[in-house]
Amino acid sequence: MDAVLPDALAPLAGRIIDVDSHEQMPAQVWVENFGEIARPFAEKLMAKAPQRNINHPNVQGYAGDVRELNAETVWTTKGPTAPGAVDVRRRLDVMDLMSVNRQLMFPTGVGLYGALLYSAPEESEMYQLFGERAYSLGAEMISANNVWAVKAAKVSPRIRPVAPVYGDTPEELYAITKALIDDGIRAIMMVSGRLPGGVSPASNELDPFYAMLAEANVAMTLHIGTELLFFRTMEWGRAKAFEGFKINDEISMDPWRLSAMHLAAQNYLATMITGGVFDRHPTLRTGALEFGAHWIGPLADMLDLWHDNNQSIEPALFADGSSGRKLPLRPSEYIARNVRVAPFDFEPVGAYISKYGLEDVYCFGSDYPHVEGGKDPLGRLAESLLSSGHGPEVIEKFFVLNGELLLPA
């Protein structure tokens, strides 16, 4: 079955790179796929009343990954019952209909909920589900997810399961990640609200970790859903005006969350950039996904402003032995070389490029099969680029070339 593409994307048929998709297993099959460690959380989810929320993992009477797959349902069917949401082999057929060549596949089930527990502050509802056991259970659920991810990665090099990683020390983080890389994992997810290995993302103690990722061409990603500790409390958004917008435990589309959800990722990346990480590791591949893309241009402008007018960075940070007190490149140059972000389908990405440049940074993510991915992301994003006057070269960068940083062949 052939993919149906907008005319502007016809030359890219079969080449599109998708930097943000998900497995989306319903809680009913968590134990079957991830083992007994998944049972406590699965039972809590299945005990909830039937949900109107399409993304919710409680799918009563789940019959399996059997939804009809065709050129229409591949874009309009969402949630755990969407075709290929569970069966990784069937996902290849989904990708063919999307004209997608390679795809990052983030967790939605045990891996995501484990990461949520691992990054939950004590004040949060997530932590209170299991109390003092939340942290250790979260780590065990992440580990169970990653056993499944290693198996899924063997299905096809076109599908790249993204494994969440954790560690209380840089050494533990390194060891856990190295084992995954040795087992074939080609993309990892950091917890954006928690210090990696208990240290700053700019710490030299993480240099062996970053060097390992760079040498192995493994993408290091940040993804929405693990920023709770950055805010420490989510009471900022608990007000009547923000009720009724929740899509799932990963994301709410209320006005407060939309205005703030990128801040943990922005802080993480700004720390790495200004701390010289991308100078010391020039081939490190980094993505910030499902935070929107509205913030990366202003961040580049702000960091360039400080870089051009500040002499406070110590020269010892720099790999080239420079005696200057500033990074050898402007922050926007490190962003263009080392960082990729994916806009939501409703964002005016064409206008972003016209205003900020960074045409090498923005790239396509379908968010399949999540409802927030939209029903026509290819068409809407292509139209945004075209209506802003961008031609075939920029369109190819957005839909193919830029994403290759995170999904090298």
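This is a predicted model: local features need pLDDT of at least 70, side-chain atom pairs count only at pLDDT 80 or more; totals for chains, interfaces and linings use all residues.
**Entry 1**

I then looked up its place in the chain: L358 sits in the loop between α16 and α17.

D367 is found in the loop between α16 and α17. Its phi is positive too, near 60°, and D367 is a residue other than glycine. Is D367 buried or exposed? I read 4% relative accessibility for D367, so it counts as buried.

I also checked the peptide bonds here. Y368 and P369 are joined by a cis peptide bond, with omega about 0°. P369 lies in the loop between α16 and α17.

**Entry 2. The helices on either side of the loop**

Next I looked at how the two helices meet. Two packed helices are described by the angle between their axes and the distance between the axes. For helix α16 (residues 349–356) and helix α17 (residues 377–387) I noted an angle of about 35° and axes 6 Å apart. Which residues make the contact? On α16 they are V349, G350 and I353, and on α17 they are L381, S384 and L385. I sorted the contact of α16 with α17 by class and got 4 nonpolar, 2 polar and no charged residues.

**Entry 3. The sheet of five strands**

I traced the open sheet of 5 strands and wrote down its order as β4-β5-β6-β7-β8, with parallel pairing. The edges are β4 (163–164) and β8 (339–341); each has a single partner strand, so one side of each is left without a neighbour in the sheet.

β4 pairs with β5 in the parallel sense over 2 bridges. In this pairing P164 stands opposite M189 in β5. I then checked the faces of strand β5 (residues 187–190) and found both covered. A187 and M189 lie on one side, I188 and M190 on the other, and all are buried.

Moving along the sheet, I counted 4 bridges between strand β6 (residues 219–223) and strand β7 (residues 286–289), which pair in the parallel sense. Which residue of β7 is the bridge partner of L222? I found A288 there.

I looked at the side chains of β7 with one rule in mind. In a regular strand the side chains alternate between the two faces of the sheet. In β7, T286 and A288 point one way and G287 and L289 the other way, and all are buried.

The last pairing I checked was β7 with β8: 3 bridges join them, and they run parallel. T286 stands opposite V339 in β8.

**Entry 4. The sheet of three strands**

I then turned to an open sheet of 3 strands, in the order β1-β2-β3 and with parallel pairing. β1 (16–22) and β3 (159–161) stand at its edges with a single partner strand each, so one side of each has no neighbour in the sheet. Neighbouring strands of this sheet are turned by 20° against each other on average, direction ignored.

I looked up the bridges of β1 with strand β2 (residues 100–106): 5 of them join the two strands, which run parallel. I17 stands opposite R102 in β2. What lies across β1, β2 and β3? I found α4 there, running at about 130° to β2.

**Entry 5. The second largest pocket**

I finished with the second largest pocket, for which I noted a volume of about 220 Å³. Its lining has 13 residues, and N33, V86, D87, V88 and W148 lie nearest its centre. Which helices each supply at least two residues of this lining? They are α1 (30–34), α4 (88–98) and α7 (134–153). α7 gives the most to the lining, with 3 residues. By class I recorded 8 nonpolar, 1 polar and 4 charged residues in the lining of this pocket.

Definitions and conventions:
Residues are numbered from 1 along each chain as its sequence is written. Side-chain values use heavy atoms; hydrogens and water are left out. Two strands pair if DSSP finds at least two bridges between them. Buried means under 20% relative accessible area, exposed over 50%, partly exposed in between (1.4 Å probe, protein chains only). Axes are lines fitted to C-alpha atoms, for helices over the stretch in contact, and angles run from 0 to 180 degrees between N-to-C directions. Contact means heavy atoms within 4.5 Å. Ala, Val, Leu, Ile, Met, Phe, Trp, Tyr, Cys and Pro count as nonpolar, Asp, Glu, Lys and Arg as charged, and the others, Gly among them, as polar. On a 1 Å grid over the protein atoms alone, a cavity is a set of points where a 1.4 Å probe fits but cannot get out, and a pocket is an open set with protein on both sides within 12 Å along at least five of seven lines; lining residues have an atom within 4 Å of a point. Grid points are joined across faces, edges and corners, and a volume is the space filled by probe spheres set on the points.
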